[in-house]
Amino acid sequence: MLSFVHMPFEVASKWLGASPDELKLVFSFLISYPLAGLLKRVPDATPHHKNLFSISVSLFYLVGLFDLWDGLFTILISAGGVYAIAKYLRTSRYMPWIGFAFTMAHMSISHIQRQLDRNTPSTVDITGAQMVLVMKISAFCWNVADGQLPEEHLSPLQKDRMLKDVPSLLDYAGYIFFFPSLLVGPAFDYAEYRRWLDTSMFELPANIDPVNKPPVRRKRKIPRSGTPAAWKCVTGLVWIGLYMAFGPRFGFQELLGDSYMSYGLLRRIWIMYMVSLVARFKYYGVWSLTEGACILTGLGYNGVDPVTGKVLWNRLQNIDPWGVETAQNPRGYLAGWNMNTNNWLRNYVYLRVTPMGKKPGFRASLLTFGTSALWHGFHPGYYLTFVLASFIQTAAKHYRRHIRPFFMDPVTGNPTPSKKYYDFLTYVVTQITFSFTTVPFLILSFKGSMLAWSRVYFYAILWTMGTLAFFASPAKVMVKKQLEKRTGKAASKLVRSVSTDSLSGGQPILGISKDPEGDITEAIEEIKAEVEAKKKKVA
């Protein structure tokens, strides 16, 4: 560590109340903006200079700013091992699985080490960067594997991201050490980095009018991105400011202190909600800042709207704060959170464990859940959150199928005047339920999580399990009869349309099952089918 670099953060830490590592992290995000501006100005004709510039900045972050020599070694082992696996085993159909197992196992060692060292959340180590790296290099293995297959066997996304050849070491290193997203993401695929590097990303498709071509400076192909990048920077700083302002008052320790129990139940639930909200402020700020730096380099470019001609900069969007904070159901809440991780789990786990031509089932859901859990680490709090969130999604599905239709016109499908009350109630319930559910994600320990939950009488667990019990009882039939009695056949049609909408099935979000009851039933059916098949084979 460079002592003259570290000293200002020690001094600022005493004034601001944040740890030196937290201040260094924010500093690295902010300094990434002028450095991203310089990277953008490297001539398009010299992509190797872009790689070298990015690698140099990342090395400064790791060893000059954070003194993470062990962390640098960790990244080199994971990235180097996967590169060798992809290069020398690329013709083997087991190659991506070997690469995935290697990188997940290596990251698990880092998670265990951090857990044993009892590092606080305010301490920066390599696990955060390694979690991002796992997404990038496991996807890299699949992209190389896809490049060895006939194109008719590939989905449109696979065709877009496949790699016919393993890239050069310099290009690969530039991808690994892309400094704006090194420490906390966002993650992206190598094909996207390659198109940014050679500027083919910025070529207009045939369906775009040349009049709508994004403005550029001089002879560069990368469009001007200063305004959207600055907006992300400002919003990120606002989120960080809110976190620093409210963090001391609403840290998770508040839920475990003696003074917490001096308040009434409603006040305790409100404090729990605020603790969860303030924790989200940090992530909103961090992800907004890093996304803005990526936008400034041009990598956030996502084409031009063919109708409006508006340039889109959401390629690497990782968070939708408005979507999370106004969500009226679990799907809306989870879909706006850690979006790149969800894309990775969907494209490189959920769909990859499913044999070609078959529909993803229980095994795909189980392996996706397991991958998501292991990716986060081994603290019991993660698993408490994931399991409860799965059952919450099932409970919410029942309300959407059987209660929401009472607030919809059965003929037109439009909301009734009373629908606004239903929306408000579902909003409140969704927000306070997930503030309860995510508490273990902050506390991490089993004992501490149980203590915090018990102090609000396990309210989210009680009404979730009460809902599941209600809809597993004859009462469900009574509700359906009342619905049919209210509006006749039209209501039945509405119920069927709601039960088959996008909120009731499909892939898990962040590895969290949308229907654990259905998964269990499906697992039993799969086991029965396999047993029957083996009996026939023996006979």
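Which residues in α16 meet which residues in α20? I started my notes with this contact.

**Ground rules.** I am working with a predicted model, in which local features need pLDDT of at least 70, side-chain atom pairs count only at pLDDT 80 or more, and totals for chains, interfaces and linings use all residues. Residues are numbered from 1 along each chain as its sequence is written, and side-chain values use heavy atoms, with hydrogens and water left out.

**Entry 1, α16 and α20.** I looked up helix α16 (residues 380-402) and helix α20 (residues 459-471), whose axes come within 9 Å and cross at roughly 50 degrees. Axes are lines fitted to C-alpha atoms, for helices over the stretch in contact, and angles run from 0 to 180 degrees between N-to-C directions. Helices are DSSP runs (H or I, at least four residues), as are strands (E, at least two), numbered from the N terminus.

From α16, I listed Leu388, Phe391, Ile392, Thr394, Ala395, His398, Tyr399 and His402; they meet Ile461, Thr464, Met465, Thr467, Leu468 and Phe471 in α20. Contact means heavy atoms within 4.5 Å.

I found helix α6 (residues 127-146) and helix α8 (residues 169-176) packed at about 145 degrees, with axes 11 Å apart. Leu133, Lys136, Ile137 and Phe140 in α6 meet Tyr172, Tyr175 and Ile176 in α8.

Is Glu192 buried or exposed? Glu192 counts as buried, because its relative accessibility is 6%. Buried means under 20% relative accessible area, exposed over 50%, and partly exposed in between (1.4 Å probe, protein chains only). I placed Glu192 in helix α9 (residues 190-197). Leaving aside neighbours within four places in sequence, Glu192 contacts Arg161, Met201, Leu299 and Arg315.

I then turned to Leu255, in the loop between α10 (226-246) and α11 (265-297). Leu255 is buried, at a relative accessible area of 0%. Not counting residues up to four places away in sequence, Leu255 touches several residues, including Tyr260, Val439 and Arg455.

I read off 23 helices and 0 strands. Of the 539 residues, 51% count as buried.
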